[in-house]
Amino acid sequence: MASNLVIVESPAKAKTIENYLGKGFVVKSSFGHVRDLPKKGLAIDVEGNFEPTYEVTTDKKKVVQDLKSIAKKASTIWLATDEDREGEAISWHLVEALKLKPDTVKRITFNEITKTAVTKAIETPRSINIDLVNAQQARRVLDRLVGFELSPVLWRKVKPSLSAGRVQSVTVRLIVEREREIKAFTPTSSFKVVAIFETNGKQFKAELTQKLKSEEEAQAFLGKCIGVDFRVDDLQKKPAKKTPAAPFTTSTLQQEASRKLGFSVARTMSVAQKLYEAGKITYMRTDSVNLSDFALENAKDEIVSSYGKEFSKLRKYKTKDKGAQEAHEAIRPTDFSVHSAGAEGAEERLYELIWKRSIASQMSDAELERTTVKIKDSNNAVELQAVGEILKFEGFLKVYLEGNDDEDDEESKGMLPALEVGQALNLEKMRATERFTRPPARYTEASLVKKLEELGIGRPSTYAPTISTIQKRGYVERGDKEGVERKFVELVIVEGDIKKEERVETAGADRKKMMPTDIGTVVNDFLTQNFERILDYNFTASVEKEFDDIANGAMEWTKMIAKFYQPFHTSVQDTLENSERATGERLLGEDPESGKPVYARIGRFGPMIQIGDQEDEEKPKFASILKNQSIESITFEEAMDLFKLPRQLGEFEDKVVTAAIGRFGPYVRHNNKFVSIKKDQGDDPMTITLERAVQLIEERRIADKNKTIKTFDEDDSVQVLNGRYGPYIKMGRKNVRIPKDTDPTTLTLEMCKELAEAQPAKTKKRKKN
């Protein structure tokens, strides 16, 4: 047995490092955290000094046992977990769980998995930084206290099985408030004037720089432009430049991968983790934009070699956030001369994005010539403006241009023909188009990360899990919103006259945006009303700063928790005793048959419609609302339609087929089996036909033969499936057997990876001659 044991978090990282260290070292994985607070109970001493009680998690008992056995035979144990607070805490928990002797333990960190970085780390070990550990403990303990005490309040006051979290609740509040801003928004209209001019056989576009407030103003303006001559009144050419963006931090990588690649935040982090563990990029959880001297030199050499000396410009970026503590360098390739990750699909695409952003950050500015032309009529009553750009030197644009979330961003400026002051222009076309102001945009996952960062809420390691959690809990959904038709007016000069046209556009449509559910809205309103401090943005940001202070050794973590807990606990008790139930109840009207009131509200099983009151002798009638409906916006007519269900569609295989809505949404029932109705394919329980219902039933029968048992948000390439020969794990293209004595429903992502590592590779069969 080797005298040196190196422990890392993941098997992939272990494999890469073992190749670098060679003989005398054995590298093993802890598969993430080995200890945590127990799932049941508080496990925190709230009467004393808030000390937590940890336990080895069930799925890690064998891992700990194996590591203990190997550690006993090693003279030195090197803890090589990640360099952030979470990684430091994993190392500390390993020391505690394995009962390691302090004189045998050495802590090493590196922000890239290369031979140079790993060797340098071995040469410069340190001890565990207890301040970083305490910062992680403070976050874990505070979040457990909030979740443990708030969740029962929600069970009693809103709906059973709900849960609350400190950062998650504030994130939901952002989304709920944005949705209400959109609903409260009243659009106003104005007219945008665009003209097409011609000179020497070439056309170009010019615009009126201000918007016209009414159709009457637009009519009057276009009237001035009929029967007059136009000329170039002024022409100015000015040099301009564009500067590259800084290299990626965690949040900017998540934002740009969403814009350019369509990745969710969780997928971005999962793919980045694989690239890091394969030694392709530096550590992916960072809020620093700094690049090391080695990286700067490496980038310069590659730029000069690939593009030329004139494309290189040394740039040193500084992190704006004083609290940036997660790592010491931006996300970049470990070797700039490697243009490809040598992988397929998502890994290759994300690596290419990181490479381009990083290399562009060390390239020259793009040089432009910007031309601004003022155009006037012969009466000097009208002034229009045309703007064009010519790219004189590509600079960093040869490689990369940063994306933009601004939906109102103007399109890029085109080139203009050769023009000079006094030159006559022919007016080919002019139109005034009615345009409407837009409400604030709904958040995408990427723009939500940007907002959280701006407010100082969360840190690089928390963005992805926060966004995943609020969706898993059903408080927020990433979905589409159908638009509504809206009329607008367009005025056009045609043959010396103004022609008015009425057109139709679709307004308010959205795709893959973050929207609150009814449950999310009601929970947010209840928490905001009763726990204003916890839901306050500034308070949440100040807590993050206190975590930073703990990490820097400037604050004791138990004192920080004590200061928070007592007023919070008092508020919980007061809310339990004195607050009313929250249902989001809304009176829609009166049932024409019974004369009883009709309500939209949250019930035990979610959003529903209720006819009658609980106090009535006759029990109220209930109906679940459809997925695309909301208790805040459903109409009386739509609500009453729900009571037309269930509908009998006919018979199939001598059994009745019905359509209805249940606790988990609309469904078709046949032979005591339920099949979900696919709303995303246009199916509706009110209109679905027998033929379509039979098709769904038969599709379900086929799907059941290869049923998914389990998936993992952290890595969507790993699934536990029910196959022809029983349960198995699918990891990309690889199928992994599950031992007969293992319940597939209890498998964790780490256990799946461990089984995959343990399974021997298939040997290729020889071809017979």
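**Local and overall features of the predicted chain**

Glu501 lies in strand S15, which covers residues 497-507; helices (H or I, at least four residues) and strands (E, at least two) are DSSP runs, numbered from the N terminus. The model is predicted, so local features need pLDDT of at least 70 and side-chain atom pairs count only at pLDDT 80 or more, while totals for chains, interfaces and linings use all residues. Residues are numbered from 1 along each chain as its sequence is written, and side-chain values use heavy atoms, with hydrogens and water left out.

The side chain of Glu501 forms a polar contact of 2.7 Å with that of Arg503. A polar contact is a pair of N or O atoms within 3.5 Å; within protein, one must be able to donate a hydrogen and the other to accept it, and residues adjacent in sequence count only if both atoms are side-chain atoms. When residues up to four places away in sequence are not counted, Glu501 touches Phe488, Val489 and Glu490, contact meaning heavy atoms within 4.5 Å.

Strands S23 (residues 665-670) and S24 (residues 673-676) run antiparallel and are joined by 4 bridges; two strands pair if DSSP finds at least two bridges between them. Arg669 has Phe674 of S24 as its bridge partner. The hairpin has 2 residues between the strands, and Asn671 takes a positive phi near 55° there. Asn672, in the loop between S23 and S24, also has a positive phi, near 65°. Asn672 counts as exposed because its relative accessibility is 60%; buried means under 20% relative accessible area, exposed over 50%, and partly exposed in between (1.4 Å probe, protein chains only).

Two further loops have backbone features of note. Ala43, a residue other than glycine, has a positive phi near 65° and is placed between strand S3 (35-36) and strand S4 (55-56). Leu645 and Pro646 are joined by a cis peptide bond with omega of about 0°, and Pro646 is in the loop between helix H17 (636-641) and strand S21 (647-652).

The protein chain contains 19 helices and 28 strands. Of its 769 residues, 49% are buried. The C-alpha trace spans about 95 × 85 × 75 Å along its principal axes. Among contacts between residues at least 6 apart in sequence, 69% join residues at least 24 apart.

The chain has a mean pLDDT of 90, and 96% of its residues reach 70 or more; pLDDT is the predictor's confidence in each residue, from 0 to 100. Where pLDDT is low, the predicted coordinates should not be read in detail.
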